[in-house]
Amino acid sequence: MAEAAGSSSGSGSGWKLKPAAGFTKPSGPVALLILDGVGLGAKEEYNAFHIARTPFLDALMAGKAPDGSRVLSGRLDASGKSVGLPDMGDMGNSEVGHNAMGAGRIFDQGAKLVNNAFADSSYAESDVWKWLVEPCVGDGTATLHLMGLYSDGNVHAHVNHVTQMVEGAIEKGVKRIRLHILADGRDVGEKSALDYIGPLEKRLDTLRKAGTDVAVASGGGRMVVTMDRYEADWAIVQRGWTAHVLADTEKLATFTSASQAVQHFYDADPKMTDQYLPPFVIVDEDGKAKGPIEDGDSVLFWNFRGDRAIEISVAFETPSGEFPHFDRVRVPDVRYAGMMQYDGDRGLPKRFLVSPPSIDRTVGEYTVKNGLKRFSISETQKYGHVTYFFNGNRSSKFDEEKELYMCIPSYLEREDTRPWMKCAEVTDAALKGIESFAPDLMVLNYPNGDMCGHTGSTTAARMGMEAVDLCLARLVPKLLEAGAVVIITADHGNCEGMATLDKKTGKPVPGGQPEGWKPLTSHTMEQVPVLVLGQGVDKLEMNEDARWSADVPECKGPGIANLGGTVLNLLGFEAPADFLPSLVKPAASS
């Protein structure tokens with residue numbers, strides 16, 4: 001690994017970091033401003049970042065700071081192996097992105113760890129898998145329930161893991177299996193559910209003919225059923241509980257197959273997309289639910305990413321009388337496990353198939369253990385990213401007195417109806433926090449580029465970026481007046497690619513969007529920007545030797561994991577020796 005001269009030579013003993021030669025801590029904070037889901041794509045009409053009116057960001061990217069000072073700029077990798085995912089073709093995401101930025105190093109992430117466990121079938125030899133399967137072996141015994149996001153997006157889950165578990169359970173003698181599938185439409189095509197459900201139903205039919213009672217029991221779309229995060233809307237989890245656990249055929253729509261359910265919702269509303277499919281229950285020819293979850297059953301939630309798996313895990317593992325979020329009606333006594341442990345601090349869930357990455361010695365922890373104060377802020381949709389994920393999958397603070405975490409409640413309405421989201425309120429609170437708390441490090445996330453990008457609406461994504469630009473135009477000058485160093489970057493791409501492109505022509509595929517193309521709702525693999533400006537930056541320059549790996553042939557430059565060492569350097573510290581090189585270094589002429 002190439003090392004930035006004077007920036008990464010060692011941390012000394014324990015947590016105490018040495019002063020970094022050529023770097024001076026600014027009088028104000030080092031402010032890491034993360035524009036979630038904003039990549040550097042082709043300057044085309046389907047690039048919402050490009051077509052948005054963003055005069056403030058445009059000026060910064062042209063090297064013009066509001067106070068006339070110098071702006072350093074570059075491009076960072078934010079996908080694939082650069083953030084710990086298995087392959088260079090894997091899209092980055094907010095979880096691994098904030099992990100990488102906060103860790104300053106690259107750790108194998110959930111997708112890679114789980115892929116490895118399934119590649120060598122070691123998951124099937126784990127005590128947890130055996131514990132889940134045990135009561136379900138043989139005739140007339142318990143049911144094995146498998147639930148989660150059903151797509152090959154590889155951001156939260158992957159269909160191949162589900163297929164392997166079903167067939168592995170059958171090999172162990174399990175006779176009754178029920179699947180509870182959540183449609184994606186976000187990390188894959190917005191109306192691609194039938195592309196996954198069709199082959200699944202054919203495979204299950206083959207397995208049934210071979211003697212196993214296996215079927216889809218319930219489902220819905222990920223944004224309205226089960227997969228809430230950061231306690232934004234527990235009604236989402238309640239809908240999932242009503243479908244998966246209670247299988248309430250009086251309250252919910254019923255169908256004889258999952259494909260029938262999806263097609264019905266498509267036909268009823270031509271604008272319906274997979275992520276918003278209502279909850280449904282699958283019934284037999286007599287109208288009886290095929291798979292309610294009962295006492296004695298086993299349940300595995302197969303998502304490997306944690307943020308949208310925590311609340312359903314809480315619902316399953318919290319005893320009766322201690323759960324305040326909604327009336328669960330009944331709480332079956334089941335064996336419950338997750339694909340991974342989704343919250344290490346709270347031990348959620350208690351049992352899991354694959355151990356999560358162990359991320360230690362993060363930027364946030366080094367900051368407070370060296371006597372400095374840290375302020376993290378976002379709205380609900382990304383609050384956990386500037387806290388839990390930035391902290392290396394730790395939800396609690398490192399130091400109650402030295403850290404301020406602030407969450408602005410997000411709208412419950414869809415982002416295409418509120419593309420400005422709460423960026424103005426986040427900015428208001430950030431300005432107050434800078435003044436009252438006087439942090440040394442501020443980590444802020446504006447979610448608009450990502451959340452609006454996921455809607456597929458180019459108009460919403462454009463407006464979201466324009467709202468962010470207005471807020472940056474308010475926040476950055478105040479930071480500069482306070483003597484700050486400002487880093488503006490992103491965790492992955494999204495809003496710069498709003499159209500599905502033909503792989504041969506590179507042109508948008510025709511579709512039903514107002515612009516005439518088929519929308520793209522997933523993340524992208526584009527690089528992301530990085531801008532550095534503020535106090536003392538005139539004495540720095542970009543470190544052209546910085547790389548995220550010296551061993552991966554595809555690595556041609558730095559990645560977002562290099563931001564960790566950069567932040568510590570700008571705070572005046574040498575980064576630990578194992579941190580990736582800083583993006584900046586003292587200028588040769590300084």
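Let us start with a pair of helices: helix 4 and helix 6 pass each other in a left-handed crossing. The word left-handed is used when the near helix is turned anticlockwise from the far one by less than a right angle, and right-handed when it is turned clockwise. Helices here are DSSP runs of H or I with at least four residues, strands are DSSP runs of E with at least two, and both are numbered from the N terminus. The model you are looking at is predicted, so local features need pLDDT of at least 70 and side-chain atom pairs count only at pLDDT 80 or more, while totals for chains, interfaces and linings use all residues. Residues are numbered from 1 along each chain as its sequence is written, and side-chain values use heavy atoms, with hydrogens and water left out.

Two packed helices are described by the angle between their axes and the distance between the axes. For helix 4 and helix 6 (residues 159-171), the axes come within 11 Å and cross at roughly 35 degrees. An axis is a line fitted to C-alpha atoms, for helices over the stretch in contact, and angles run from 0 to 180 degrees between N-to-C directions. On the helix 4 side, V114, N115 and F118 meet H161, Q164 and M165 of helix 6; contact here means heavy atoms within 4.5 Å. Sorted by class, this contact has 3 nonpolar, 3 polar and no charged residues. In that sorting, Ala, Val, Leu, Ile, Met, Phe, Trp, Tyr, Cys and Pro count as nonpolar, Asp, Glu, Lys and Arg as charged, and the others, Gly among them, as polar.

## Another helix pair

Helix 3 (residues 94-103) and helix 12 (residues 380-389) also cross, with axes that come within 9 Å and an angle of roughly 35 degrees. Their crossing is right-handed. Helix 3 brings S94, E95, H98 and N99 to the contact, and helix 12 brings K382, H385, V386 and F389. By class, that makes 2 nonpolar, 4 polar and 2 charged residues.

Now for the strands: 8 of them form an open sheet with mixed pairing, in the order 6-7-5-4-3-8-9-10. Two strands pair if DSSP finds at least two bridges between them. Strand 6 (253-255) and strand 10 (352-354) stand at the edges with a single partner strand each, so one side of each has no neighbour in the sheet. On average, neighbouring strands are turned by 20 degrees against each other, direction ignored.

Strand 3 (residues 144-149) runs parallel to strand 8 and is joined to it by 4 bridges, with L146 opposite L300. Strand 9 also runs parallel to strand 8, again with 4 bridges, and here F301 stands opposite G338. Further along, 2 bridges join strand 9 (residues 335-340) to strand 10 in parallel, and M340 has V354 as its bridge partner.

Helix 9 (residues 258-268) covers strand 4 (176-183), strand 5 (213-221), strand 6 and strand 7 (280-282), running at about 130 degrees to strand 6.

## Salt bridges

The whole structure holds 29 salt bridges, each a side-chain nitrogen of Lys or Arg within 4 Å of a carboxyl oxygen of Asp or Glu. One of them joins D578 and R105 at 3.9 Å, N to O. D578 sits in the loop between helix 16 (563-570) and strand 17 (584-586), and R105 in the loop between helix 3 and helix 4 (110-119), so the pair ties together parts that are 473 residues apart in sequence. D578 is partly exposed at 38% relative accessible area, whereas R105 is buried at 8%. Buried means under 20% relative accessible area, exposed over 50%, and partly exposed in between (1.4 Å probe, protein chains only).

D307 and R305 form another salt bridge, with the closest N and O atoms 2.9 Å apart. Both residues are buried. Salt bridges with shared partners join E95, R229, R305 and D307 into one network.

P19 lies in the segment before strand 1 (30-35) and is exposed, at 65% relative accessibility. Which residues does P19 contact, leaving aside its neighbours within four places in sequence? They are G572 and E574. The C-alpha atoms of P19 and A575 are separated by 9.2 Å, although these residues are 556 residues apart along the chain.
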